[in-house]
Amino acid sequence: VKAFRESFHGHPIALFAFLEGYLHIGAGRWADGLRAFSEAAAAPTLTRRIPDLSLVGASFCSWNLAKQAPADADALREQVRGFVSRLGSADNLDIEPAWMFAAFADWANDTTSARAILDACERREPNHANVLRIRARVELNAGAHKRAFDAAEAYFKAHGENSQVRDYHDKALDEARA
């Protein structure tokens, strides 16, 4: 990455910072990854994909930083809400980074955005395992017990048993009964 940057005389091209972010993720350097992905999300680019994927990468780094420093979790959640608000469209993301971004939005207590991202995912792949799993969690966290239950049931029908989804299912059922 350094050689690429030097060969282009420091021009702010999003791809270089994006690649640097992934190098830092691979090494577990979350703060450096957050810095690089934030730079990539703001740098000039020819496509929306790099900035949008950079927002996912920055959210991943923020989430990992919060696990290391729980005292900073609220500020990092706020930062992730900012990343989510900058997403052009979840339709620009492949399904894997999209459902991950929905999970980060849920972690950041942004239910509206998490639902919108999941809606975009479901339009493309209505029975995707991780989309249904995250949908069940998002709806359970939002107190939408019927929707959480329905997402878990759809998961079971399409993919069989899963202990995490079973837990969401059973909690939703218990809360609905209460």
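**The pocket and its surroundings**

Mentor: The lining of the largest pocket is made up of 8 nonpolar residues, 1 polar residue and 3 charged residues. Please keep in mind that this is a predicted model.

Trainee: Which residues line the largest pocket?
Mentor: The lining consists of Phe60, Trp63, Trp99, Met100, Ala103, Phe104, Asp106, Trp107, Arg133, Ile134, Arg137 and Asn141.

Trainee: And which helix gives the largest share of that lining?
Mentor: Helix H6 does, with 6 residues.

Trainee: What volume does the largest pocket have?
Mentor: Its volume is about 190 Å³.

Trainee: Let me step back to the whole chain. How many helices and strands are there?
Mentor: The protein chain has 10 helices and 0 strands. Along the sequence, the pattern therefore reads α-α-α-α-α-α-α-α-α-α.

Trainee: What box do the C-alpha atoms fill?
Mentor: Taken along the principal axes, the box is roughly 65 × 35 × 25 Å.

Trainee: What percentage of the residues count as buried?
Mentor: The figure is 44% of the 178 residues in the protein chain. The accessible surface comes to about 9,000 Å², and carbon and sulfur atoms account for 54% of that surface.

Trainee: What about contacts between residues separated in sequence?
Mentor: Among contacts between residues at least 6 apart in sequence, 58% join residues at least 24 apart.

Trainee: Could you show me some single residues? Is Ser54 buried or exposed?
Mentor: Ser54 is buried, with a relative accessible area of 0%. This residue is found in helix H4. Setting aside residues up to four places away in sequence, Ser54 touches Phe18, Phe37, Ala40 and Ala41.

Trainee: And where is Ile25?
Mentor: Ile25 sits in helix H2, which covers residues 14-27.

Trainee: Why does Ile25 count as buried?
Mentor: Ile25 is buried because its relative accessible area is 18%, and the cut-off for buried is under 20%.

Trainee: What does Ile25 contact, apart from its neighbours within four places in sequence?
Mentor: Ile25 is in contact with Trp30, Phe37, Phe60 and Cys61. Take Phe60 from that list: Ile25 and Phe60 are 35 residues apart in sequence, while their C-alpha atoms are 8.8 Å apart in space.

Trainee: Changing topic, how many salt bridges does the structure hold?
Mentor: It holds 17 salt bridges. Side chains of opposite charge can pair when their charged atoms come close.

Trainee: Which residue meets Arg49 in a salt bridge?
Mentor: The side chain of Arg49 meets that of Asp94, at 3.0 Å from N to O. This pair links distant parts of the chain, 45 residues apart: Arg49 is in helix H4 (residues 49-68), and Asp94 is in the loop between helix H5 (73-86) and helix H6 (95-107).

Trainee: How exposed are those two?
Mentor: Arg49 is partly exposed, at a relative accessible area of 34%. Asp94 is partly exposed as well, at 43%.

Trainee: Which salt bridge does Glu78 form?
Mentor: Glu78 forms one with Arg81, and their closest N and O atoms are 2.6 Å apart. Both residues lie in helix H5, 3 residues apart, about one turn of the helix. Glu78 counts as partly exposed at 46% relative accessibility, and Arg81 counts as partly exposed at 25%.

Trainee: What about Arg77 and Asp74?
Mentor: They form a salt bridge too, with the closest N and O atoms 3.9 Å apart. They are separated by about one helical turn because they are 3 residues apart in helix H5. Asp74 counts as exposed, at 60% relative accessibility.

Trainee: Which residues are linked in a network of salt bridges?
Mentor: The network links Arg115, Asp119, Glu122, Arg135, Glu139 and Arg147.

How values were computed: Residues numbered from 1 in each chain as written. Predicted model: local features only at pLDDT ≥ 70, side-chain atom pairs only at ≥ 80, totals over all residues. Heavy atoms only, no water. Salt bridge = Lys/Arg side-chain N within 4 Å of Asp/Glu carboxyl O. Helix = DSSP H or I, 4+ residues; strand = E, 2+ residues; numbered from the N terminus. Buried < 20%, exposed > 50% of the residue type's maximum accessible area, 1.4 Å probe, protein only. 1 Å grid on protein atoms, 1.4 Å probe; cavity = no way out; pocket = protein on both sides within 12 Å on 5 of 7 lines; lining within 4 Å. Points joined across faces, edges and corners; volume = space filled by probe spheres on them. Nonpolar A, V, L, I, M, F, W, Y, C, P; charged D, E, K, R; others polar. Contact = heavy atoms within 4.5 Å. Areas by Shrake-Rupley, 256 points an atom, 1.4 Å probe, with all protein chains shown as cover.
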